[in-house]
Amino acid sequence: MADEALFLLLHNEMVSGVYKSAEQGEVENGRCITKLENMGFRVGQGLIER
């Protein structure tokens with residue numbers, strides 16, 4: 001249960017950080033979204049393998 005809460009907090013901060021960097025123009029917006037989607041795909045793939 002505690003592991004799930006930590007994961008959710010980390011996930012929320014990662015998403016927030018990616019969107020903030022996109023809004024500030026640090027990186028091209030499409031690139032940020034692609035990076036976020038790739039992270040989600042990798043995590044989902046890891047969960048399926050377990």
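I note first that patches are made of residues with over 30% relative accessible area and no salt bridge, with like charges joined within 9 Å and nonpolar side chains (Val, Leu, Ile, Met, Phe, Trp, Tyr) within 5 Å. A salt bridge is a side-chain nitrogen of Lys or Arg within 4 Å of a carboxyl oxygen of Asp or Glu.

I record that this is a predicted model, in which local features need pLDDT of at least 70, side-chain atom pairs count only at pLDDT 80 or more, and totals for chains, interfaces and linings use all residues. Residues are numbered from 1 along each chain as its sequence is written, and side-chain values use heavy atoms, with hydrogens and water left out.

**Entry 1: the chain.** I looked up the helices and strands, which are DSSP runs numbered from the N terminus (helices: H or I, at least four residues; strands: E, at least two). The protein chain has two helices and zero strands. Of its 50 residues, 12% are buried (buried means under 20% relative accessible area, exposed over 50%, partly exposed in between, with a 1.4 Å probe and protein chains only).

**Entry 2: the nonpolar patch.** I found that Phe 7, Leu 8, Val 43 and Leu 47 make a nonpolar surface patch of about 360 Å²; accessible areas come from the Shrake-Rupley method with a 1.4 Å probe, and for residues only the protein chains shown count as cover. H1 and H2 each supply at least two residues of this patch.

**Entry 3: Leu 8.** I located Leu 8 in helix H1. Leu 8 counts as partly exposed because its relative accessibility is 43%.
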